[in-house]
Amino acid sequence: MFRFVQGQAPHALHTLGTGAALSWFKSICLILADNEIQCRVWAKFNGQSPWQKAIADYSQTGLLSHLYWCRSGGEPGPVAGLGLNLKTTISPLLLEVDTHWQGESFFCFLSSDISLLILLNESPENPKVVNILQSFSPRLIGHFLSQLKQLLVVADDLPVDLFATEELPPSADLDLVNQLVQGMGPPLRKSTADDPKPSNYTAIANSFGISLIRELGIPLTNAKTALQLLESFQQKKELRQRYLDLIRQNCNRQTDLITGLQDLLEIDATAPSPESVPIADCIRSVIGIYQPIAAEKSITLNSTVVENCPPVACSRTDLQTILQRLLENALQFTDPGGRVQIKAYHQGFQVEIVVNDNGCGIAMADIPHLFDCFFRGQNTSSATQGAGLGLTIVHRLVERWSGKITVHSRPKQGSNFHIFLPAMVDNSLGHRFVLSN
């Protein structure tokens, strides 16, 4: 059936890690429950599968009115073990033995507000990945149910109306569809059997969506676990404080992640005009912000700007953001008693800014991935773990002004970040760039 739906349109195709797919499916059930959507569900799943738990939780809200539980081969398992609400009517159904069903599960939610089909294909070659097809199309869903019913093993106790054509709403609640699409992570796209392979852009977008789902889920899971532990009044005061600190840390991480994503979106959405930014003034103001933090850690923080260094052609806000994020990293990974410096040089038509430290350094294997979204190096501990977007933002900002950033580092020997930005044009001198004497 996965291949059958894949040959129809419109549908959306997702590929997720098993854990992310389960979190995704739970969020879909939760959205339906939060909106009090009462559904009949046609489904095929193993009674011991993680998908069953999400359906059981939805049933316990009293909103699952009827479950048509389809099984392939053998006899249907005991319905008592599904953990469903007593108000849920269950119809165990057998499907004709068909090897095409192996490794496939599906859930078809039917209500007066919306029709939603989800097919899950768990590859035996790669058990850590789940392929997902999803559609809101009443035409496609109706066609799917028609084909499905033809595969049912006919029994004397099956009601005749079970084989009738399903009456599906011609349109869906758009607000609800929007919530469900957002809950599904990667964007909804129409596709057909003749679709070409996904473009490189699509692959990158899907990869980003998968990573984002994982990153959003980690702090929420940690905070929820801590909250569950706090519910036990037998916990000692010290343990309860540790759980509160864990919740606080993960809330901060979630805030950093959302703020970082907003910054990335703003970079892509805006195109500010270049300013003539005096490099010495900008470095001095940023140093002033972080001097108290450095002093608190007993870290020496200073700067050097060569004489007659020309201004930089970019926005002051962007340059300050670049310097601030690099300084935050340097101070974070430098031990007490260490040193952090900012230097600026004039290199032809460019200004070179170097942020260096004598901290823990970066593993060679990590350097090619430093500017990737959500990447955290081997030296990142749980205490210093952020959103993994700081250096991505720095890289995007440097590229926005036609600049370049390079990294030189060795473990336990510190790191050097080199930023090259264009010097400011000065038309009054008849040159494209200001040149030092």
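Helices α9 and α10 are roughly antiparallel to each other, a term for angles over 145 degrees. This is a predicted model, in which local features need pLDDT of at least 70, side-chain atom pairs count only at pLDDT 80 or more, and totals for chains, interfaces and linings use all residues. Residues are numbered from 1 along each chain as its sequence is written, and side-chain values use heavy atoms, leaving out hydrogens and water.

**The helix pair**

The angle between α9 and α10 is about 150°, and their axes lie 9 Å apart. Axes are lines fitted to C-alpha atoms, for helices over the stretch in contact, and angles run from 0 to 180 degrees between N-to-C directions. In α9, the residues that meet α10 include Asp318, Ile322 and Arg325. Among their counterparts in α10 are Leu391, Val394 and Arg400. Contact means heavy atoms within 4.5 Å.

**The sheet**

Five strands form an open, mixed sheet, ordered β9-β11-β12-β14-β13. Strands pair if DSSP finds at least two bridges between them. β9 and β13 are the edge strands, each pairing on one side only. From one strand to the next, the twist averages 15°. β11 and β12 run antiparallel, joined by eight bridges.

Helices (H or I, at least four residues) and strands (E, at least two) are DSSP runs, numbered from the N terminus.

| Element | Residues |
|---|---|
| Helix α9 | residues 316-332 |
| Helix α10 | residues 390-400 |
| Strand β11 | residues 339-347 |
| Strand β12 | residues 350-357 |

Definitions and conventions: Parallel < 35°, antiparallel > 145°, perpendicular 65-115°, else oblique.
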